[in-house]
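Me: Hi! I'd like to go through this protein with you, starting with its charged side chains. Can you take a look with me?

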Amino acid sequence: MRFSVPPDRVPPEGLCRIWYRGLPPDRQPASMTCARAHRTARAHGGLVIVATSPRSFQTGEVSATDYGPVDFSGVPPDRLPPPGLCRVWLDGVPPDRQPPPMSCPDAAAYQRRSGGRVLFMPASDVSR
């Protein structure tokens, strides 16, 4: 499928990016290898985007594979977990009283005890 992103957010040639609908462009995960992007999105949802031609870098038009929605509703973008970590989000609890970011296994255990949603923000596997 075709999808549009801001041209400065198109992943570099040979790389992909996971894109989450509803998140601001500056809060989207960093570019990563396409294998990692597809594997991560298959497990956690999101769109995997890739440039379709050199023109993508001017227009922002990319090819996208949709692996399903991710629910970030009610979560301020500045409260998302850092790349590579998870965070349990408890609906109805003020943002400043939410549990801190943690490892994903710890977040899954916390969720089993307390409920809520586990939010995940993937990290890049590409050195800058």
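Me: How many salt bridges does a search of the whole structure find?
Reply: The search turns up five salt bridges. A salt bridge here is a side-chain nitrogen of Lys or Arg within 4 Å of a carboxyl oxygen of Asp or Glu. Keep in mind that this is a predicted model, where local features need pLDDT of at least 70 and side-chain atom pairs count only at pLDDT 80 or more, while totals for chains, interfaces and linings use all residues. Residues are numbered from 1 along each chain as its sequence is written, and side-chain values use heavy atoms, with hydrogens and water left out.

Me: OK, which residue does Arg 2 form a salt bridge with?
Reply: Its partner is Glu 61, and the closest N and O atoms are 3.4 Å apart. The pair links distant parts of the chain, 59 residues apart: Arg 2 is in strand 1 (residues 2-4) and Glu 61 is in strand 4 (residues 61-66). Strands (E, at least two residues) and helices (H or I, at least four) are DSSP runs, numbered from the N terminus.

Me: Is Arg 2 buried or exposed?
Reply: Arg 2 is exposed, at 54% relative accessible area, whereas Glu 61 is partly exposed at 36%. The cut-offs are under 20% for buried and over 50% for exposed, with partly exposed in between (1.4 Å probe, protein chains only).

Me: And what about Asp 71, which residue does its side chain meet in a salt bridge?
Reply: That would be Arg 117, at 3.3 Å from N to O. Asp 71 lies in the loop between strand 4 and strand 5 (85-89), and Arg 117 is in strand 6 (residues 117-121), 46 residues apart. Asp 71 is partly exposed at 44%, but Arg 117 counts as buried at 13%.

Me: Switching topic: what order do the strands of the open sheet have?
Reply: The order is 1-4-3-2, four strands with antiparallel pairing. Strand 1 and strand 2 stand at the edges with a single partner strand each, so one side of each has no neighbour in the sheet. Two strands pair if DSSP finds at least two bridges between them.

Me: How many bridges do strand 1 and strand 4 pair over?
Reply: They pair over three bridges, in the antiparallel sense. The bridge partner of Arg 2 in strand 4 is Ser 63.
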